[in-house]
Amino acid sequence: MTVFPADDPDKVPFAGILPAAPKPFVLGNGEGEKSLVFDQLFTILLSADETDDQYGAFTMVGPKGDRIPAHKHFKTHEIFYVVDGEISIWMDDEADYHSRTTLTTGDFAFIPANVVHAFQIHNTTKVFGVGTAGFERFFHAMGQKTDLTEPRGVAVPDYPTMRAAGEKYWTQFMPEFQFRD
């Protein structure tokens, strides 16, 4: 069971099934620590606790929807690997690089820290993600913890919750950002 020291302000307490230490474990299909964020189900498979603060791994499953707000992570590098479905990703480094790419099953994208990005799901899609250690807890801070096995319903965080999660996990929301696509 995951337990965090009370004196560690960078961790969001979550009682789950991850071991909270770098030791071997196996999760069955659909297992992990889950949160519903908007209409997307995020499942944490591996956290900073299990990797000695090296990386975290998660899945995201969501239905067709609108583009999420533009944002950037100041410390987090993030990967997207499309397990099944179709998703467009916008990326802009606010200098020379900008793109809009539609990824389908088997495609991969890397988003370095400080790159403004957003995504839009085109049909029910499952993405495997890996990020810099600790970021995986952002989904718990933003969303509603759940035991769902597929996304159902909508959990819309209020602005103070979004702002607090962003500050804690080095993320800036940029709803007015205009992508060059």
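**Pocket, cavity and surface**

Analyst: Starting with the largest pocket, β2 gives the largest share of its lining, 3 residues. Strands here are DSSP runs of E, at least two residues, and helices are runs of H or I, at least four, numbered from the N terminus. Mind that this is a predicted model: local features need pLDDT of at least 70 and side-chain atom pairs 80 or more, while totals for chains, interfaces and linings use all residues. Numbering runs from 1 along each chain as its sequence is written, and side-chain values use heavy atoms, with hydrogens and water left out.

User: What volume does the largest pocket have, and which residues are closest to its centre?

Analyst: Its volume is about 240 Å³. Of 14 lining residues, Asn29, Gly30, Thr43, Thr59 and Lys126 are the closest to the centre. A pocket is an open set of points on a 1 Å grid over the protein atoms alone, with protein on both sides within 12 Å along at least five of seven lines; a cavity is a set where a 1.4 Å probe fits but cannot get out, and lining residues have an atom within 4 Å of a point. Volume means the space filled by probe spheres set on the points, which are joined across faces, edges and corners.

User: How does the lining of the largest pocket divide by class?

Analyst: There are 4 nonpolar, 6 polar and 4 charged residues. Ala, Val, Leu, Ile, Met, Phe, Trp, Tyr, Cys and Pro count as nonpolar, Asp, Glu, Lys and Arg as charged, and the others, Gly among them, as polar.

User: OK, cavities. How many of 30 Å³ or more does the structure hold?

Analyst: The structure holds 1, and about 290 Å³ of space lies in the largest cavity. Its lining has 23 residues, with Phe42, Ile68, His71, Phe119 and Phe139 the closest to the centre.

User: Why does Arg163 count as partly exposed?

Analyst: Because its relative accessibility is 42%; buried means under 20%, exposed over 50%, and partly exposed in between, with a 1.4 Å probe and protein chains only.

User: And Phe110?

Analyst: Phe110 is in strand β7 and counts as partly exposed because its relative accessibility is 41%.
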